[in-house]
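Subject: Structure for your review

Dear colleague,

Please find below the structure that I am handing over to you.

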Amino acid sequence: MSSVLFDVPGPRARLRHRLYAVIGTLVLVAAIGFVIYRFAESGQFEGRKWSWLEYKNIQLTLIDALLNTLKAFGLGAVFALLFGAIFAAGQLSDHKVVRVPSMVVVELFRAVPLVVLIFVFHYGVSLGSPLYSVVLGLTLYNGSVLAEVFRAGVLSLPRGQREAAYAVGMRKTQVMRHVLLPQAVRAMLPAIISQLVVLLKDTALGFLITYDELLDFARDIGSQFQFGRPLVPVTIVVAAVYISMCLLLTWLATYLEKRSRRDKKVVVLEKNPAEDVVAAAV
Amino acid sequence: MDVLLDNLDLYGPGFLNTVELFLISAVGSLVLGTILAMLRVAPVPVMRAMGTAYVTIVRNTPLTLVFFFFALAFPALGIVTADTFGGSAADFFYTAALFALTLYTAAFVCEVVRAGINTVPVGQAEASRALGLTFGQMLGSVVLPQATRAVVPPMMSTMIALLKNTTIAAGFSVFQAGAISANLAERGENQLIGLLWVAVFFVVLVIPMTLLQRSLEKRWSIAR
């Protein structure tokens, strides 16, 4: 690993590093030890608190909850991508009548917290099923962020691409559809997928309006006395499910990025605009 | 307008609490995030592994789940008792919200700081060492000024996200802007209008921050 800050360590620095390593390990072991001690002390390891995992009915409910989460994610992702593509095109339009309203819409939905959006749809206008409110909220919020991602991607392409396309006699929409968008989408693929990870995590907000997804399942099981109110075990299980789903998506993003790097059709940008936008999308 | 003016006793403290929650967890996450970033670039493998593990786990967990853990599951561990935070449930939930927001945002701050340090070309540090600058001089006058330029715009995005994320606290019994609509409903007011005012509040706070961030980004990207 090349680091900016440090020189290659000499003998004394190496000794010091070894000392840090020992201290670091001790701190880590102490922290893990404390967690295990607390878990044991408060009875989190008791069989009763984990026994819910054995019931077939509960397993089925867990799968149902997972499917509900995935349903919100799938619908939200498709609609958000559509919304993003449309409004990115709108923001890049040459006509002020289209450009300005698109920018206002994108800025507006990026500024309002997703929770408030979802509450507006659920309590404010009463859309009925919580699923509608969740999907609509996810679409508007993540769609707006994706619109910015697409826009940054198109703007980051070398100007020559556009100029060459015009020079061959392509029309505006052709330039966009055949030259700019395909390249922009490839360049921004990592950022797009990172935003989908955000979207997947945001489905958990459905919990706040009683959409029966994973967290709602966690609360249901966690409050049951017959299993000794296993809130901690159930939180661990649900967290593991979320983390593995998100890691799978992230892994897909890195895989695609690596593959596209080998691909000669992709324009290599000097500075990847994806980094800025990814940092922005929390 | 009436809904806002008639219920100023709800909106005032609600908005104030939002800002307070934001400011405290912003400072907390900046400090913790910087420490994590230091761990992640440290020359010792164990420290790097700790930083990486933290960031990977937290970044892939929904914030709502982090809130869920601190508000509901954490008390079951028996580390805190009912009267650790002044005894009232509201105080407990407020502290839980602070912890959830700080620990979650710190992972993102860490990534921003690390990316910022990495944008400074290695040659800059090498050149300053060759000139005989001490470690402090190198950091203070060569590396950090350049890193800051790269860090500030994405850091502002992270902070804007934190500001918006404070609303999740409303779902866990913390009284702030996001919780106003539920209280309005009890008074029989129109929830839609109540929520739209909350949305306006966030738009008013967030848009200037976004504009400032854009102008900084533009000015500093030319300087590079």
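A pocket, as the word is used here, is defined on a 1 Å grid over the protein atoms alone: it is an open set of points where a 1.4 Å probe fits, with protein on both sides within 12 Å along at least five of seven lines, and its lining residues have an atom within 4 Å of a point. This is a predicted model, in which local features need pLDDT of at least 70 and side-chain atom pairs count only at pLDDT 80 or more, while totals for chains, interfaces and linings use all residues. Residues are numbered from 1 along each chain as its sequence is written, chains are lettered from A and ligands numbered from 1 in the order in which they are written, and side-chain values use heavy atoms, with hydrogens and water left out.

The second largest pocket

The lining of the second largest pocket comprises 32 residues, and those nearest the centre are Val35(A), Tyr54(B), Ile57(B), Phe69(B) and Leu103(B). The space in this pocket is about 1500 Å³, a volume being the space filled by probe spheres set on the grid points, which are joined across faces, edges and corners. Helices (H or I, at least four residues) and strands (E, at least two) are DSSP runs numbered from the N terminus. Those that each supply at least two lining residues are α1 (11-41) and α10 (231-262) of chain A, together with α2 (8-41), α3 (45-59), α4 (63-73) and α5 (89-119) of chain B. The most is given by α1(A), with eight residues. By kind, the lining has 28 nonpolar residues, three polar and one charged; Ala, Val, Leu, Ile, Met, Phe, Trp, Tyr, Cys and Pro count as nonpolar, Asp, Glu, Lys and Arg as charged, and the others, Gly among them, as polar.

Chain B and its interface with chain A

Chain B has nine helices and zero strands, and its C-alpha trace spans about 70 × 45 × 25 Å along the principal axes. Of the 224 residues in chain B, 49% are buried, where buried means under 20% relative accessible area, exposed over 50%, and partly exposed in between (1.4 Å probe, protein chains only). Contact means heavy atoms within 4.5 Å; by that rule, 57 residues of chain A touch 59 residues of chain B. About 5000 Å² is buried between the two chains, 75% of it on carbon and sulfur atoms; buried area is the accessible area (1.4 Å probe) that two parts lose on being put together, summed over both.

One residue of chain B, Ala42(B), sits in the loop between α2 and α3. Ala42(B) is buried, at 7% relative accessible area. Apart from neighbours within four places in sequence, Ala42(B) has contacts with Met47(B) and Arg48(B).

Salt bridges

A salt bridge is a side-chain nitrogen of Lys or Arg within 4 Å of a carboxyl oxygen of Asp or Glu. Over all chains the structure holds nine, and two are counted between chain A and chain B. Which residues are linked in a network of salt bridges? They are Glu107(A), Arg110(A), Glu148(A), Arg151(A) and Arg214(B). Glu107(A) pairs with Arg214(B) at 3.0 Å, N to O, and with Arg110(A) at 3.7 Å between the closest N and O atoms. Glu107(A) and Arg110(A) both belong to helix α4 of chain A, three residues apart, about one turn of the helix. Glu107(A) is buried, with 17% relative accessibility. Arg151(A) and Glu148(A) form a salt bridge at 3.5 Å, N to O, and both residues are buried.

Another salt bridge joins Lys172(A) and Asp94(A), at 3.3 Å, N to O. This pair links distant parts of the chain, 78 residues apart: Lys172(A) is in helix α8, and Asp94(A) is in the loop between α3 (56-91) and α4 (96-111) of chain A. Lys172(A) is partly exposed at 41% relative accessible area, whereas Asp94(A) is exposed at 54%.

Further features of chain A

Helix α5 of chain A (residues 114-124) is largely enclosed by the rest of the structure, because ten of its eleven residues are buried. Ser126(A), which follows α5(A), has a positive phi near 45°. Thr210(A), although not a glycine, also has a positive phi, of about 60°. Thr210(A) lies in the loop between α8 (172-202) and α9 (214-222) of chain A and is partly exposed, at 48% relative accessible area.

With kind regards
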